[in-house]
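Work through the exercises below with the model in view. Each task is followed by a solution in steps.

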Amino acid sequence: MQSDELSRASVGVHIVDVDTREVIASCNADKALIPASLIKLFTTASAMKCYEDDATWHTHVGYTGYVTDGVLHGDIVVRGAIDPSLCNSHSSQPVTKFADMLLSAVTQSGIRRIEGNIVVDASLCSMGGWGDWMVEDMGFYYGAACYGVNYKNNEYKLYIRTASEGTQPHIIGSSMPTPEVHYHNHLTVGAKDHSEVYTTPYIPHTLLMGCVPAQRDSFALKCAMPDAPLFMAYDVHHALQKAGIIVDGLPLTDRILREGGRAIPRIDTMLYSHTSDTMGDMVREMLHKSNNLYAESLLRYVALSRDSVASLPRALAIERTLLSQMALDTLALTITDGSGLSRKNVATPRVLASLLVEAYHDASVGERFIMKLPQAGREGSVRSFMARNPLPGILRLKSGSMSGVLCYAGYYQDAEKVYAIVLMSNNHRCKNSTLRSRYELLLRDIFAEK
């Protein structure tokens, strides 16, 4: 901490024997710091307090009205369940399963023409509430908003063709049939990628700024869908038409219907019910890949454990109650989202260590909480941490990083004991790789004495 790189940084360390609760090492344990993705540990514990690992949710597909002579006199309706694994390449299920089963169900029902609309109902999750995220994050895939219907990780690729440096690149297409999105292209061609994508949920305008690399036939920007339910509605509409099923109506969502003063149709006849990945699989994906959409979806499921509609404020209130019941000092916490993307989240090293200790002793969380964390040096976002010179025991950690922030928290188990470990730094002046090596040295020094 006395080095030039860290002398002006805010650094906190807290390491505790989880059985005896003895503090093994501590520095600035009560300093409030930005934890970044370590917030996902609170999301995990809260979700596990509400659901078992085998919990699943269901996206329903059906129609209104009736079918005569192959014509549906009504709408096709998709009723969402917030499921972040839906049509997602990170899912344990095939990406095309939902679309294949939907087409099969419509075909088997004898429907060859749809007089009505394709309506995607995302009303299970209230609109708004993105945890005070920075606007520069919300246009990229990792800052995609959470909706009542999440679809293909709520991301798509925008393809750019570039020539020599100093010229303006051209948009040549996207990875899926999207609704009309108006791109305001202020990109320039440079040596490296320093692109900026600005998107506001539900607004069909995307601002592109910064630089993209030169001489690329098809450079991909991984963008956040501005309206995932509407993207799904367009995709289903397109897939049905492509399969030879005529659709007279439009791709619509519950939001569009409400704004037009129209009722949201209810399913009269069920066609297909799609089962999500299990909660255990979702938690593993969230912790290993630090998937923000999974984290935000799991936080909304915390709200659904007590309410019929999920909202971010209600989810955060329930989470705070659950954390209080685990005897955590909630005054040492400010949580505004489920993923840690907001820089308004703060936590002390001590309260993070307390979470790890209490989760370890909580019968409803305990072992499954620990085992979902990736093993340092081997898995997930911590596969490079201590990979070259590992500790003799098992180290399971969650990492958290953003500009000026690098944190780790988790468990170290040697032959005899289990320790809760929290390492946090804000505003350091060195590369993350340099700070990471200092963290590694610290842990080796501490546990070499044990």
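**Exercise 1. The largest cavity**

Task: Find which residues lie nearest the centre of the largest cavity, and give its volume.

Solution.
Step 1. Start with the lining: 16 residues line the largest cavity, and Ala 122, Met 127, Tyr 147, Tyr 202 and Pro 229 lie nearest its centre. On a 1 Å grid over the protein atoms alone, a cavity is a set of points where a 1.4 Å probe fits but cannot get out; lining residues have an atom within 4 Å of a point.
Step 2. Keep the source in mind: this is a predicted model, where local features need pLDDT of at least 70, side-chain atom pairs count only at pLDDT 80 or more, and totals for chains, interfaces and linings use all residues. Residues are numbered from 1 along each chain as its sequence is written, and side-chain values use heavy atoms, with hydrogens and water left out.
Step 3. The space in the largest cavity is about 100 Å³. A volume is the space filled by probe spheres set on the grid points, which are joined across faces, edges and corners.
Step 4. Helix H4 (residues 254-259) gives the largest share of this lining, 3 residues. Helices (H or I, at least four residues) and strands (E, at least two) are DSSP runs, numbered from the N terminus.
Step 5. Sort the lining by class: 8 nonpolar, 4 polar and 4 charged residues. Here Ala, Val, Leu, Ile, Met, Phe, Trp, Tyr, Cys and Pro count as nonpolar, Asp, Glu, Lys and Arg as charged, and the others, Gly among them, as polar.

**Exercise 2. The second largest cavity**

Task: State how many charged residues line the second largest cavity.

Solution.
Step 1. Its volume is about 50 Å³.
Step 2. Its lining includes Met 138, Tyr 147, Thr 199, Pro 201 and Met 225.
Step 3. The lining has 8 nonpolar, 3 polar and no charged residues.

**Exercise 3. The largest pocket**

Task: Find which strand gives the largest share of the lining of the largest pocket.

Solution.
Step 1. The largest pocket has a volume of about 520 Å³. A pocket is an open set with protein on both sides within 12 Å along at least five of seven lines.
Step 2. It is lined by 22 residues, with His 90, Tyr 141, Asn 153, Glu 155 and Lys 222 closest to its centre.
Step 3. Strand S9 (155-161), H5 and helix H6 (292-304) each supply at least two lining residues. The largest share, 3 residues, is from S9.
Step 4. By class, the lining divides into 8 nonpolar, 8 polar and 6 charged.

**Exercise 4. Two helix pairs**

Task: Describe how H1 packs with H5, and H2 with H3.

Solution.
Step 1. Helix H1 (residues 39-50) and helix H5 (residues 279-289) pack at about 175 degrees, axes 11 Å apart. H1 is therefore roughly antiparallel to H5. Axes are lines fitted to C-alpha atoms, for helices over the stretch in contact, and angles run from 0 to 180 degrees between N-to-C directions. Under 35 degrees counts as roughly parallel, over 145 as roughly antiparallel, 65 to 115 as roughly perpendicular and the rest as oblique.
Step 2. Helix H2 (residues 97-108) and helix H3 (residues 228-242) pack at about 50 degrees, axes 11 Å apart. So H2 and H3 are oblique to each other.
Step 3. In H2, Phe 98, Leu 102, Leu 103 and Val 106 meet Met 232, Val 236, Ala 239 and Leu 240 in H3; contact means heavy atoms within 4.5 Å. That contact has 8 nonpolar, no polar and no charged residues.
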